[in-house]
Every structure is written in C-alpha cells, then in structure tokens.
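Please look over the sequence and the model shown here before reading the notes that follow.

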Amino acid sequence: MGNVMRDISRRGLLGMGLGATAALGLAGCDSASGKASDSGTPGGPPRKDEPGGGPSREPEDKPIGDGSTADTGKQPHQPEPERLEPGQTPPQFVVFSWDGAGEVGNGLFPRFRKLAKDHGAAMTFFLSGLYLLPESKKDQYRPPNNPVGASDIGYLTDEHIRVTLENIRLAWLDGHEIGTHFNGHFCAGSGSVANWSPAQWRSEIDQAMSFVTEWRTNTGFDDLDPLPFDYRKELVGGRTPCLLGQDGLLPTARKLGWRYDASSPGGLQVWPSKKQGLWDLPLQQIPFPGRSFEVLSMDYNMLANQSRNATQSDPANYPGWKKQATEAYVQGFQRAYETNRAPYYIGNHFEEWNGGIYMDAVEEALKHIADEQHGDVRLVSFRQYVDWLDAQDPAVLEKLRSLGVGERPPGGWRNWLKASTEEGAGGS
C-alpha cells in the first residue's frame, strides 16, 4: 500500500500535538497501552501486583553514566506470563501506545497515566529521543540524509523537557514500557526514513539512546531524579515515523536484540507472526462506522478521514466525529473479542486536534474495553504482550494464526484449541 503524504508542517507540531504523517485511511505515526495482569477484573480495583496496584515504589538507584539513568532492579507491576491450557479461550490482549510521548503542558501525559492506573492498564510510550535534547544543543543531532540539527518535529522547551522526564520516570514506575519513536521524524523527500539503510538506522538509534541516557549532561539539570531504568535493557521495540522504513530498520533491530517492531502499516486483526526474527505488531484496519472502508487504528487516521488533515475544523462537526472515532475503536475491539481474539493495537499522540475529540474517544474506548463485563481482557504493553507470546506453545500460536479477521474457531475454543494442543503433544 502506498503512503499518500500530507502537507501538515512537521515544524512546531507540538502546539497541535505530537504530529503524524500517513496514508489517508492507511497509515499513521507516533505511541499507547493496557492491562498487565493475567488475572483480576479490568475496571475493578487492581491487585497489588498489577499496574496501578498500590503506590509506585521509589527504588534504590545505581547510577549509570552521568546519572541520567539508573539501574533500579526489576520493573514494578509486571505480570508473569502464563501458557494457555488445553482448550482455554485466549485472553483478549489490547495495547494502547503513544508516539512521541512528550508532555508539552497540556496535561495529556499525566491524564492517560491516571486513566491507566484507574483501570489496571499498562501502556507503551514510544519516546522521541529528541524530546530530551535542548534546542540549544541541536547541533549534536546528526540525522541521516538531513542537515545537522534538522528535525520535522519541534524541539521542546526546557520546561517541557523537565515535565517529560518526570512523566517518563513515573510511567516506568507504574509498569509502563518505554520504547522509541526515534528522533527527527522525517517522512518526506530524500531524507525520509523510508530511504534509510540499516547502518543509518543504527546511527539514529545510537543517537536516541544517547539523548535519553545523557540528558543530565545535555540539559544541565541537576535537580531531577534519574530515569529509573537501564535504557539499553529497557528498549526492545519501537515504531518508525509515519510507519516507514521497516525493511531498513529490522536488520539493525535484530542485531540489537530487539524483540518486536510496531512499524508495519495496514495490518489486519489477526494473530501476529515474526519478521526477520522480531514479532511484527502493526497498527490494524478496523471498522469505520458509516463508511464503506476501514481505517487504521490511530488518531491521525481518524483525523485524516474526517477533516482532511485540518487540526482545527468547524466545531459543529466535533460531536459526530468523536462518536465515529469512539465507535471505530469499540467495534474493532468487539470484532476481535467476539471472534478470533486477535490482539488489538491502538496508536495515538498526545494531541489536541479538533478540540481534543480523539483523546476523548480513546478514553471512552479504553473505559469500555476495561469494563468488568470483559473479565478476560488484558490491557498490556507491547513488551508484556511479547513476553506472553514467547511463553506459548508454537503449535498453538500457529493454529491461532489460521483464524482470519472476524473468524470464530470452528466448534468453539474448548474443542478447537484442545485438539491443537493434543496434536502438538502427540507429534513431539
């Protein structure tokens, strides 16, 4: 599928939110999340070992490098993955992710951290490394095929770097994953990430790593706590700008030991497979109420199909558009939950497009998904989800992949998966 590039300016997009450029109805870009426990009731009081269960601990720091990060041991609120029992219905996994993951004073990062905590959810925050580099130090960034210091997203102010650091620190302590959205977000022209080689992706990743692990040196801030994780161990996956460049990225990601990539455009609601040794976890086509086509499961793609990329449209349209976006997310969930139980991925940005309707739609959808009637839903991060995948019987995963979009297992889960487990055991 070809990407139809849009003309929203990348420079200064933080005023509108962390921007995305993508195909109309097909591709988008930028971060999101879910519930970490394999037991408990979504929407009910979280257990103490679930995300949101009890206060976040303040661990003992073992500073790394200049003290921007610290090894604090095992991350809090992480579930132990359990293997499916013969004939067991698979849980419905849902991953909310956020591209860019910068806090620019609009309160969206803390808003969704609180929402996650209230509903026992874990999420993935794909941090743009450039959001921790002051603009006064932009000459330190050398983007492949672009001028030194260039970026198609704006640099943050010092104050916004501060609050971003605080939210990233608290998010990890709450049990969320910190992935990467890389740096300068180049989507068009000869400098586009679509054209980068594996070696150029390695340079981009190394720079993102340095911006995260050396923020104290680069900012001069000496009054903030370190990020409480070793980023070289924490970073196991990412999402590329505009869902471009995955072919060039994957050889490098594999060498770095990454476990998944969330960059494929136009995925379907089916069980995932691996690509070049990494779990391939794309955004997905979901129903778009009132339209004859499906839409990619990201806020930008809702915008692109509703207001043709205009981020501030006629407010008279907002109620209808919010309802349509909410119903799209909910129908995507219901289709998977009631049929093949394929994992469901939703991507977003911390943005205020069209009066903030997409943020409201995501919140309403998450509350619906986490409702107590959906007792076997798991709102997890991508990292937690691949932990679960890696714990499963490969024969069971192979059989799950045979189910198409909206396809129920013939004869019901009990007989269908029990048979596959017995066949696998008999052949070993």
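Is the crossing of H7 and H8 right-handed or left-handed?

## Helices H7 and H8

In this predicted model, the crossing of H7 and H8 is right-handed. Helix H7 covers residues 299–306 and helix H8 covers residues 318–337, and the two pack at an angle of about 135 degrees with their axes 11 Å apart. An angle of 65 to 115 degrees would count as roughly perpendicular and one over 145 as roughly antiparallel, and H7 and H8 are therefore oblique to each other.

On the H7 side the contact is formed by Asp 299, Met 302 and Gln 306, which meet Trp 321, Gln 324, Ala 325, Ala 328 and Tyr 329 of H8. Sorted by class, the residues of this contact between H7 and H8 comprise 5 nonpolar, 2 polar and 1 charged.

## Helices H3 and H6

From H3, the residues that make the contact are Pro 198, Ala 199, Trp 201, Arg 202 and Ile 205, while H6 contributes Gly 248, Leu 249, Pro 251 and Thr 252. Divided by class, the residues where H3 meets H6 are 6 nonpolar, 2 polar and 1 charged.

## The protein as a whole

These two helix pairs belong to a protein whose secondary structure comes to 12 helices and 13 strands. Of the 428 residues in the protein, 60% are buried. The protein exposes about 15600 Å², and carbon and sulfur atoms supply 49% of that area.

Which residues does Gly 67 contact once its neighbours within four places in sequence are left aside? With those neighbours set aside, Gly 67 is in contact with Arg 216 and Pro 226. Gly 67 and Thr 217 are 150 residues apart in sequence, yet the distance between them in space is 8.9 Å, taken from C-alpha to C-alpha.

How values were computed
Residues numbered from 1 in each chain as written. Predicted model: local features only at pLDDT ≥ 70, side-chain atom pairs only at ≥ 80, totals over all residues. Heavy atoms only, no water. Contact = heavy atoms within 4.5 Å. Helix = DSSP H or I, 4+ residues; strand = E, 2+ residues; numbered from the N terminus. Nonpolar A, V, L, I, M, F, W, Y, C, P; charged D, E, K, R; others polar. Buried < 20%, exposed > 50% of the residue type's maximum accessible area, 1.4 Å probe, protein only. Areas by Shrake-Rupley, 256 points an atom, 1.4 Å probe, with all protein chains shown as cover. Axes fitted to C-alpha atoms, helices over the stretch in contact; angles between N-to-C directions. Parallel < 35°, antiparallel > 145°, perpendicular 65-115°, else oblique. Left-handed = near helix turned anticlockwise from the far one by under 90°.
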